[in-house]
Amino acid sequence: MASVGIIANPASGKDIRRLVAYGICFDNLEKVNIVKRCLLALAVTGVDRVVYMPDYYGIVPRAVEGLAKAHHLSLDIVEADMEMTGTQIDSAQAALAMNQAGIGCIITLGGDGTNRMVAKNCGDVPLLPISTGTNNVFPQMVEGTIAGLAAGAVACGLADFPAVHRTKKIVVLKNGKPVDMALIDAVVLKDIFIGSRAIWDEERIRKVVVTRGEPDNIGISSIAGNLHPIGITESKGMAIDLGPGNISLMAPLAPGLIRPIQVAAYKILEIGEEINGEKGPLVIALDGEREVEVGEGEEVSFQLTFEGPRVADPRLVLRQAVAKGYSQGEQAMKKLHRLKEEN
Amino acid sequence: MDLKKEQLLDIYKKMCTIRAFESKIVEIFAAGKIPGFVHLYLGEEAVATGVCANLETKDFIASTHRGHGHLIAKGGDLKSMMAEVFGRTTGYCKGKGGSMHIADVDLGILGANGIVGAGMPIATGAAFACKYKNNGAVAVAFFGDGASDRATFHEALNLASTWKLPVVFLCENNGWAISNSQKTHQNITDISDRASGYGIPGVSVDGNDVIAVYEAAGAAIERARKGDGPTLVECKTWRHRGHFEGDPGAYKDPKDQEEWLKKDPIPRLEKNLLKLNYAVQADLDKIKADTEADIEEAVKFAESSPLPDPQELFTDVYAD
């Protein structure tokens, strides 16, 4: 039985970056619409079961309820076995429940921060991340129908490498012990509080460590992208010290906020390499959000690994699936007929 | 975010003052010493304090029925407030208004308000005046989740956004409209989602984290001051008590209450102050003791003040 998970973060796309930058305003109604499109697509891919994260808005139940009667789904749609807290912990708990339930692919709706929480517990279950956040380097701007088709194809075993590939991550260590992780960037800030979480002010950045960086990224990883681009599958990362130096560049740190950056020094990191020596008090931002407070007398370090989550690229997945005949012939028509009969 | 040690300690003191004021009201209301209804701000101290820490004396606030916290955070005089709650002639309204009508125009406090949602048009009007006078001042309208269902919310946000007025609509979403949970009267969970209907930005923030409130409100107030128009800021919080004193809050799930009490904004700030070595426990204890002493003094002042003469019923009814 093929099953797909859906983790839709009701809090993504609502933070202070709508005031200090020009972050997209993503209301939950649109997330419901995206999930509707995902579900309709999943129904024709051969997926039998959808497990979803419960959330305080009820994104998935509202999507099911909001479908036209003619589009009634006979998919088995169930809530993940977890206790809802209404906080970001829910995304990690849902990923754990889905991992343990043997889900074939998890669709996420959120930004880099949401996917970071999911990645903590999803194990080897591939993610298909749809962008509904503010900084969206990890997730893609993919249409919900296409995301649903691709996630279904992954869950049904129609895609493999390179359409489904392993990503990198940064392990954050405090006094030598792992305390957290980042999928895209870990940033050392001069701040002392987590506060409203978001980061947008280059004056407060001391150091940046990235798993990747392209000039078309939005967020802190764009500094790497405009310095020395590093791709998603390259076996390297980068550490950048900000401050007076010979290199100045511009980078889109937040939506609409293209800022001047002074680079004091930078270093290409190899897989397994560790960057040490950042001493508190300071705050570490992970994937665009202030997350870890480092107190006086504490020291933080970062290690680049290639042990991040597996991610499905919808375009490549569907190409592989088409090559295997998923959308043609009798089988495909049967799937469509199945939906039609259900209607 | 550039909050210095002194500012943070001042914020802490304000929050403790609100806590001490409201805790004292619990005591004196139960003892039958004060007339009328009181709606207490216990648990929501981070919102008023984080917002008002960004305001200047020339700026305006429009408050609510749960207004003591807003008034204290904006600099209201404790003795005059307490005397008003006691219904004494030395109170802000000469003892004729009570808890829900305290105002101090000199401090930009346009009044608590007994009508749910009534503060939004008032703040919008004040913001129009600020823009008209071009004096760089802004207005903040405090209101609750229930008030965001009222027509005044639509009218105020519509006009303020159309005229690009320097006003911040500050929703204190404590999850309860009297005894109705948010899900029973709204088909949304994030009130900030409503901003897009008016073409203005909306953000949601942890209302029990005074630093987060300070940052979000600060950004919204700066937008207003620079002429970029209104913002809707939603602070998610929780009132520790019932809707009014005397309401046992039996409609609240005890588990929810327990979870929210763990997120009490005052211990959260204390933890940060201690961690940063901005204070030791003895410093914090002293601040608390000082605020409690201030409140005791305010109570003494109120209790020793006279009640209004019955003839006062006929004064202050019409403007000259």
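**View 1. Helices α2 and α3 of chain A crossing.** In this predicted model, the axes of α2 (residues 28-42) and α3 (residues 59-66) of chain A come within 8 Å and cross at roughly 65 degrees. Axes here are lines fitted to C-alpha atoms over the stretch in contact, with angles from 0 to 180 degrees between N-to-C directions; helices are DSSP runs (H or I, at least four residues), numbered from the N terminus. On the α2(A) side, the contact uses A:N28, A:K31, A:V32, A:V35, A:K36 and A:L39; α3(A) brings A:I59, A:V60, A:R62, A:A63, A:V64 and A:G66. Contact means C-beta atoms, placed from the backbone, within 7 Å. Residues are numbered from 1 along each chain as its sequence is written, and chains are lettered from A in the order in which they are written. Local features need pLDDT of at least 70, side-chain atom pairs count only at pLDDT 80 or more, and totals for chains, interfaces and linings use all residues.

**View 2. Around B:A141 in chain B.** Leaving aside neighbours within four places in sequence, B:A141 is in contact with B:A62, B:G119, B:M120, B:A123, B:A156, B:V167, B:F169 and B:L170.

**View 3. The loop residue B:A118.** Look for B:A118 in the loop between α4 (78-85) and α5 (119-133) of chain B. Not counting residues up to four places away in sequence, B:A118 touches B:N113 and B:T152. B:F142 sits 24 residues from B:A118 in sequence and 9.9 Å away in space, C-alpha to C-alpha.

Methods: Helix = DSSP H or I, 4+ residues; strand = E, 2+ residues; numbered from the N terminus. Contact = placed C-beta atoms within 7 Å.
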